[in-house]
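Trainee: I have a new model to look at. Show me, please.

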Amino acid sequence: MTSPLQKSLTDKVALVTGGSRGIGRAIARRLAAEGALVAVHYGSRREAAEETVSLIEQEGGQAFALGARLEDTAALPGLLATLDQHLLERRGKTSLNILINNAGITPRNRLEDVREAEVDEVFALNVKAPFFLIQQVVSRMSAGDRIINVSSGATRIALPDIVAYAMTKGAINTLTLTLAKELGPRGITVNAVLPGIVDTDMNAGWLHDAEAWAGAASLSVLGRVGQPTDVAEVVAFLASEASRWITGQCLDVTGGSQL
């Protein structure tokens, strides 16, 4: 049976920030499998981004890597200039159809241990970067295009040990809602996905312990730990025409954690 999403993104161009590994890599591969040309952004892990591109190409998809430290908004013009160069060479135009704001960091500190520099760092990458990236690319987008933000289940579930991170994702949820209203008249939808605990290399340091793994799995009513593809499948749906009547939504992708 043919998937209803098969090649649903043919001729579309997608930019996935933080696409070199983890959830970002899974999203990039999934969108490419649907026919999109995917720009795989990386901050510092160029080799990982090139590996993602190689995987996509081995799977029959199209992708290219581009790097920029998004926590420095001064890097955005350079990122977009590189994006334009690739798109003009491959497509002859610089339009962007799908923006996935996935890049982010998750500092682990409780209230009493959080320092100002840490708050500045996490807000710079998790909030300022997607805000100003959207500001600069939205002129390239038109009716039917998609902005999808990767938020977190930590906006629904209280997790004191990542309080600063949770604050940034709360801001992303509000940004999602507000921009959905602003961009709706242009036919651009804006949604967010809220993952829970996902088995990525970012979480490997603490999650790949038998007790921690069992504890994480027990949080979900489905009894397992989330995988990057679990999130990527939802993003692929939101990027497709099938989601055309959905905007301003924050979709919980935690596997029913702590319901």
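Mentor: Start with a term: on a 1 Å grid over the protein atoms alone, a cavity is a set of points where a 1.4 Å probe fits but cannot get out. Points join across faces, edges and corners, and volume is the space filled by probe spheres set on them. This is a predicted model: local features need pLDDT of at least 70, side-chain atom pairs count only at pLDDT 80 or more, and totals for chains, interfaces and linings use all residues. Residues are numbered from 1 along each chain as its sequence is written, and side-chain values use heavy atoms, without hydrogens and water.

Trainee: How many cavities of 30 Å³ or more are there?

Mentor: One. About 80 Å³ of space lies in the largest cavity.

Trainee: New topic. What order do the sheet strands take?

Mentor: β3-β2-β1-β4-β5-β6-β7, seven strands in an open, parallel sheet. Two strands pair if DSSP finds at least two bridges between them.

Trainee: Which strands stand at the edges?

Mentor: β3 (62–67) and β7 (250–253). Each has a single partner strand, so one side is left without a neighbour in the sheet.

Trainee: And how many bridges join β1 and β2?

Mentor: Four, between residues 13–16 of β1 and 37–42 of β2. V16 stands opposite V40 in β2.

Conventions:
Helix = DSSP H or I, 4+ residues; strand = E, 2+ residues; numbered from the N terminus. 1 Å grid on protein atoms, 1.4 Å probe; cavity = no way out; pocket = protein on both sides within 12 Å on 5 of 7 lines; lining within 4 Å.
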